[in-house]
Amino acid sequence: MFDRAAETMARDELEALQLHRLKQTIARAYAQVPPFRRKLGAAGVRPEDLKTLADVARFPFTVKADLRDNFPFGLFAVPRESLLRLHASSGTTGKPTVVGYTGADLDLWSDLMARSLACMGAKPGDILHNAYGYGLFTGGLGFHYGAERLGLTTVPVSGGATERQVMLMQDFGAHILGATPSYALNIAEVAAGMGVDLRALPLRYGCFGAEPWSDPMRRELEEKFAIKAMDIYGLSEIIGPGVASECHQAQHGLHLWEDHFLCEVIDPDTTTPLPLGEAGELVLTTLTKEALPMLRYRTRDITRLIEEPCVCGRTHRRMLRVTGRSDDMLIIRGVNLYPSQVEAFLVGFPGLAPHYQLVLTRDGPMDAITIEVELATGAPRDAPFAAKIAADVRRHIKAMVGVSCDVVLKAPGEVPRSQGKAVRVKDLRQANKP
Ligand code: DLL
C-alpha cells in the first residue's frame, strides 16, 4: 500500500477525520467564494449548521452549470496567482469546464494517483506505458505525476500513433498500461495487425478508466493482453483520475479515497439520499482541496456503494463499476437504456468484434435505435450468416432490455476507432426531424 495508515483507517476514525475536514472546507469556501456564500444563503444554511456528517444533506448541491456560470475562475477559493495548473474538459456545447490546482492540490493528486496505482498492482520500478491523453484532459498528467511519485518509470506516450505505441511497449517491456478501455482495445487490434503477440510482453496490469466499460470488455482486454484489467475512476471537477480505484486482490468495486472525498448516493430524479448499497447518482464533496473545493458535486455517474470488508485490508468504501451517466441514458420508446448495457451484451458475442456504435434516429414521432457492430475478422461474410447474427442480437436485446432495435453489421475496421474516450452514441435525431 502507498499509504497504509490512511488506507486502513478504522471507520470511526475515518468519519471523525471527514467531519473535521468537511467543517474546514465549508468554512473556507464560505469565506473565500462569493457564489458559494450566496448559494448557502439561498438554501438558508450556514457553515455552523454542520454538526454531524449526516447534516451535509441540508447543504445545496453543486452542478456542472455552476462551473460554467462562474467561468473561468469564479469558484476558486484562492487568488488566481497562487494556482500552478489549470485543466479543462471540452464541453460538447459552449465553454469548457475549468479546474485549477495549487501546489498542495497537485501534491495531493500525485499522492492519490500513487495510492491508486499501487492499489491496482503497480510496484516501484515498474514501467508504465501511459497512453492517456496529455494536455487539458486530466488523464495523462494525472497518471504521470502519480506514477513518478510511486517510483514507476513513466513513458509519457499520450494517445495516437498506435503502431509506435505497440513498438514502444515491446522495446521497453512495459509492465503497466494506462489507457481508456476503448483505446486499449484499439492498441490490441493494431498489435494483432502487426503480428505482435501482446500476451508475450511482461505487462501485468491495465489501468482503465475515463469512460464506462463492462465486465465482458474486461475479459476481452484481459485475454488480449494477458493482464489483470483494473478499473480507475475520477473526474476533473473533483481532482481528475485517482478518486477511486479497484484493488488487484479483489478486483471488485473501486475503493473511494474517503479521507479526501465524502461520498453520497442520491436518487437522480428526486435528489433524496439513498441508503448504502442502493444504485443512484454519486455525489462527491472534496475534503482537502484548496483551489476548488466542491460541495456535494452531482457527478451524474450511476453506481452503488458497498461497505463490506475487503480482502486487501483497505477500509474505504467501494463504488461498483459506473454503469453510465444519467445524462447518457437513452430513452427509446419509453425504455431506459445505457450504452454500457448494450456493450455488455455485444462484447464476446460469437462472430462479432467488440467495436460498436449506437445510432439514434427519429422514426415519425418516435426515437429509433440502430446498433452498428462489426463482424469479427475471419467470421463468415455471407448474407445468411449476417442475417442470423443480426436477428440473434435483435432478439437478445429485446429480451434483455425490452427495446426493439435495428442491427447493422459492419465489415472489420468500419466502426471508428477510439484514441481516448470512445464516442458510443451517434445522435442523428435532430437531422431527421420532419
Ligand atoms: O475522465 C478522469 C480520468 C482519467 C479517470 C483517466 C480515469 C482515468 P473527466 O474527463 O472529467 O475526467 O471525465 C469524468 O468520466 O464523470 C465519468 O462519467 C467518466 N469516467 C471516469 N472514470 C470512469 C470509470 C476523467 N472508471 C467522467 N468508469 C466521469 C466509468 C468513468 N466512467
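This is a predicted model: local features need pLDDT of at least 70, side-chain atom pairs count only at pLDDT 80 or more; totals for chains, interfaces and linings use all residues.
A cavity here is a set of grid points where a 1.4 Å probe fits but cannot get out.

**The cavity**

A search of the whole structure turns up one cavity of 30 Å³ or more. The largest cavity holds about 40 Å³ of space. Its lining consists of Leu67, Asn70, Pro72, Phe73, Gly74, Leu75, Phe76, Val98 and Leu292. Sorted by class, that lining has seven nonpolar and two polar residues, with no charged residues.

One of the lining residues, Pro72, also takes part in a cis peptide bond, which joins Phe71 and Pro72 with an omega of about -5 degrees. Pro72 is found in the loop that runs between helix H4 (64-69) and strand E1 (85-89).

| Helix pair | Residues | Packing angle | Distance between axes |
|---|---|---|---|
| H2 and H3 | H2: 11-32; H3: 34-43 | about 110 degrees | 6 Å |
| H5 and H6 | H5: 103-119; H6: 138-150 | about 75 degrees | 7 Å |

Let us take H2 and H3 to begin with. Their angle of about 110 degrees falls in the range of 65 to 115 degrees that counts as roughly perpendicular, so H2 is roughly perpendicular to H3. On the H2 side, the contact is made by Ile26, Ala29, Tyr30, Ala31 and Gln32, and on the H3 side by Pro34, Phe36, Arg37 and Leu40. By class, this contact has seven nonpolar residues, one polar and one charged.

Now for H5 and H6, which pack at about 75 degrees. These two helices are therefore roughly perpendicular to each other as well. From H5, the residues Asp107, Trp109, Ser110, Asp111, Met113, Ala114, Leu117 and Ala118 take part in the contact, and they meet Thr138, Gly142, Phe143, Tyr145, Gly146, Ala147, Arg149 and Leu150 of H6. The class count for the contact of H5 with H6 is nine nonpolar, four polar and three charged residues.

**Backbone details in two loops**

If you like to check backbone torsions, two residues deserve a glance. Gln251 is not a glycine, yet it has a positive phi of about 50 degrees. You will find Gln251 in the loop between strand E8 (240-246) and strand E9 (254-256). Arg296, another residue other than glycine, has a positive phi near 50 degrees. Arg296 sits in the loop between strand E11 (280-286) and strand E12 (297-303).

**The two domains**

Stepping back to the chain as a whole, the domain assignment of the protein gives domain 1 (1-328) and domain 2 (330-427). Their C-alpha centres lie 29 Å apart. How many residues does each domain bring to the contact? Domain 1 contributes 24 residues, and domain 2 contributes 18 residues.

Methods: Residues are numbered from 1 along each chain as its sequence is written. Side-chain values use heavy atoms; hydrogens and water are left out. On a 1 Å grid over the protein atoms alone, a cavity is a set of points where a 1.4 Å probe fits but cannot get out, and a pocket is an open set with protein on both sides within 12 Å along at least five of seven lines; lining residues have an atom within 4 Å of a point. Grid points are joined across faces, edges and corners, and a volume is the space filled by probe spheres set on the points. Ala, Val, Leu, Ile, Met, Phe, Trp, Tyr, Cys and Pro count as nonpolar, Asp, Glu, Lys and Arg as charged, and the others, Gly among them, as polar. Axes are lines fitted to C-alpha atoms, for helices over the stretch in contact, and angles run from 0 to 180 degrees between N-to-C directions. Helices (H or I, at least four residues) and strands (E, at least two) are DSSP runs, numbered from the N terminus. Angles under 35 degrees count as roughly parallel, over 145 as roughly antiparallel, 65 to 115 as roughly perpendicular and the rest as oblique. Contact means heavy atoms within 4.5 Å. Domain bounds come from an automatic or database domain assignment.
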